Amino acid sequence: MSGARLAVLGAGAVGRSVVELAAEYGHTVTAVADSSSAVVDPDGVDTEAVLDRKADAGVVGDADPADAIEGPYDVLVEATPTTLGDAEPGFSHVKQGLDRDKHVVLANKGPVAERYGELRELEADSEGEIRFEATVGGAIPILSTIEDFGANHITAARGVLNGTANFILSRMAAEGLDYEHVLAEAQDLGVAEADPTFDVEGIDAALKFVILSNVLADGDQEFTLDDAAVDGITDIPGTALDLAAEDGRTIRLIGESTPEGVSVAPRLVPADGPLSVTGTLNIVQLETTHAGRLNISGRGAGGPETATAVLSDVSRLVE
Amino acid sequence: MSDTGGEVQTYTVRLELVDEPGELLGALQPIAEAGGNLLSIYHERGNLTPRGHIPVEVDLSCAPARFETIVESLREAGVNVIQAGSERYDEELVVILVGHLVDTDLSDTLRQVESCADASLTDLSLSAPRGSDDTSSARLRLKTRSGTNGKALDKLREIAADKELQVVEPLTEASQ
């Protein structure tokens with residue numbers, strides 16, 4: 001099988017981009033659902049019409065969202081918004097797909113960060129598999145790199161996995177501005193959301209590093225957001241960045257996944273080092289047992305960027 | 001590996017001696033005999049260890065392979081070795097403290113860092129742009145004993161937490 005039939009749940013930036021780009025990757029979209037509507041066609045939906053209707057009327061079709069999950073597909077793409085705690089409704093979507101022995105690709109961090117063990121148990125009882133490259137670092141192939149190396153050959157992961165926080169810190173450092181000013185600018189540019197809490201409090205980055213820890217622990221240990229020590233950037237004044245700069249350093253919101261646990265906090269890093277990426281770029285460093293350190297950087301967010309990670313997961317599952 | 005056991009390194013040994021004539025010389029003899037090169041001796045005559053003995057700090061240099069032999073021969077000679085290792089203030093730790101630094105008595109904070117975190121402050125930069133009402137930042141450059149950066153950071157965190165200050169920590173050198 002080369003081309004797969006996709007049911008895409010969630011019509012936000014990532015879901016829409018998956019719908020738009022699927023054909024380019026040789027796949028057919030047979031169902032799309034948002035929170036209130038769905039469209040299902042076993043022969044493939046008219047993706048352009050669906051996206052237009054979403055933009056114009058706020059719905060993707062006339063069917064019920066449940067029809068999409070129950071419809072015909074090979075791979076379920078879970079791209080609904082990330083929720084914490086029980087990670088619903090994302091978790092139930094994944095469960096329904098696996099119960100039908102279908103593959104599931106997640107862009108939603110919630111289930112993988114909060115209920116990793118349960119997901120793996122469901123997967124073990126299913127003919128289907130789960131993949132979730134898109135949950136960590138957008139377009140950057142982090143999880144597939146870990147998979148290629150083998151989780152037991154990687155001792156730690158660290159880096160910058162939130163573009164919004166990184167944009168704010170790098171603008172503060174470059175312009176000598178305070179947090180509030182740069183946040184307003186980031187919101188005007190669409191880099192930060194109206195409610196930036198998830199990004200600036202470090203929660204989004206923490207979820208990604210929790211997922212990395214779950215993958216690196218490879219079943220020996222399970223992590224959730226509650227296990228992470230999380231500090232955000234809201235209390236970092238411009239003066240702290242000035243003092244760091246005088247010393248050839250800067251401050252970045254750095255996450256770390258080690259066997260001891262998960263942490264996210266503003267940290268001092270060399271100004272010219274690999275971790276001090278600027279703007280919305282992301283970077284992850286992997287410490288390997290035999291090959292030293294790997295630095296992988298790129299665009300960690302955005303609809304088309306993240307959709308490429310979803311679609312390469314789909315391709316890995318069906319090839 | 002050559003028989004000298006690698007490059008010569010500097011070590012600090014802390015001993016405790018009974019306050020009797022000849023004790024110090026007796027303690028130094030095994031070091032020289034085992035091939036150690038004495039660099040400095042700090043005989044803390046005014047202080048007493050919990051056991052009522054006199055603490056002595058000896059800095060010496062030798063090849064790493066020799067060091068264990070030296071410590072062993074000291075113990076064989078009946079000298080009480082409290083601490084042995086390459087423990088000099090030779091590591092640097094740079095942190096930034098953020099918060100109401102002035103209101104929370106910065107000099108007291110620094111004193112606590114030096115005494116509790118076993119670190120010596122070599123440089124301080126303070127940036128408090130709009131008086132003591134606003135949060136300010138301070139960059140501290142500390143020298144710590146080798147291998148104790150982690151402990152120093154733990155203490156620093158405690159001191160900062162007490163005063164509701166935020167510590168922006170460096171990534172550890174293993175991760176740089």
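**Labels and their grounds**

Mentor: Start with the side chains of B:Glu92 and B:Arg141, which meet in a salt bridge at 3.3 Å, N to O. The model is a predicted one.

Trainee: Why is the pair B:Glu92 and B:Arg141 called a salt bridge?
Mentor: The rule asks for a side-chain nitrogen of Lys or Arg within 4 Å of a carboxyl oxygen of Asp or Glu. For B:Glu92 and B:Arg141 the N to O value is 3.3 Å, so the pair meets the cut-off of 4 Å.

Trainee: What makes this pair a tie between parts of chain B?
Mentor: B:Glu92 lies in strand β5 (residues 89–99) and B:Arg141 in strand β7 (residues 136–145), so the bridge ties together parts 49 residues apart in sequence.

Trainee: Which residues are linked with B:Glu92 and B:Arg141 in a network of salt bridges?
Mentor: The network also includes A:Glu246, A:Asp247, A:Arg249, B:Asp123 and B:Arg139.

Trainee: How do you know that salt bridges cross between chain A and chain B?
Mentor: The rule finds 3 of them across that interface. One pair is B:Arg139 with A:Glu246, whose closest N and O atoms are 3.3 Å apart.

Trainee: Which elements of chain A supply the side that touches chain B?
Mentor: α12 (238–246), β9 (249–258) and β10 (261–270) each supply at least two residues of that side. The residues there divide into 12 nonpolar, 3 polar and 9 charged.

Trainee: How many residues are in contact, and what area is buried?
Mentor: 24 residues of chain A are in contact with 24 residues of chain B. The two chains bury about 1800 Å² between them, 54% of it on carbon and sulfur atoms. Of the area that chain A buries against chain B, 33% comes from A:Leu243, A:Arg267 and A:Leu268, more than from any other three residues.

Trainee: Now chain A itself. What makes A:Arg131 and A:Asp313 a salt bridge?
Mentor: Their side chains meet at 3.1 Å, N to O, and the cut-off is 4 Å. A:Arg131 is in strand β6 (residues 130–131) and A:Asp313 in helix α13, so the pair ties together parts 182 residues apart in sequence.

Trainee: Why are both partners called buried, A:Arg131 and A:Asp313?
Mentor: The limit for buried is under 20%. A:Arg131 has a relative accessible area of 13% and is therefore buried; A:Asp313 has 3%, so A:Asp313 is buried too.

Trainee: Which salt bridge links A:Arg158 to a distant part of the chain?
Mentor: The one with A:Glu287, at 3.1 Å, N to O. A:Arg158 is in strand β7 (residues 154–160) of chain A and A:Glu287 in strand β11 (residues 281–288), 129 residues apart. A:Arg158 and A:Glu287 are buried.

Trainee: What does helix α1 of chain A pack against?
Mentor: The buried residues of this helix (residues 13–21) are A:Val14, A:Gly15, A:Ser17, A:Val18, A:Val19 and A:Leu21. They pack against β1 (5–9), β2 (28–33), α2 (47–57) and α13 (303–318) of chain A.

Trainee: Back to chain B: why is B:Glu16 called buried?
Mentor: Its relative accessible area is 5%, and buried means under 20%, so the label holds for B:Glu16. B:Glu16 sits in strand β1 (residues 9–17) of chain B.

Trainee: What makes B:Glu16 and B:Asn80 a polar contact?
Mentor: The side chains come to 2.6 Å, and the limit for N or O atoms is 3.5 Å. Leaving out residues up to four places away in sequence, B:Glu16 touches B:Asn80 and others, including B:Thr49, B:Arg51 and B:His53.

Methods. Residues numbered from 1 in each chain as written. Chains lettered and ligands numbered in written order. Predicted model: local features only at pLDDT ≥ 70, side-chain atom pairs only at ≥ 80, totals over all residues. Heavy atoms only, no water. Contact = heavy atoms within 4.5 Å. Buried area = accessible area lost by both parts, 1.4 Å probe. Helix = DSSP H or I, 4+ residues; strand = E, 2+ residues; numbered from the N terminus. Nonpolar A, V, L, I, M, F, W, Y, C, P; charged D, E, K, R; others polar. Buried < 20%, exposed > 50% of the residue type's maximum accessible area, 1.4 Å probe, protein only. Polar contact = N/O pair within 3.5 Å; in protein donor to acceptor, adjacent residues only side chain to side chain.
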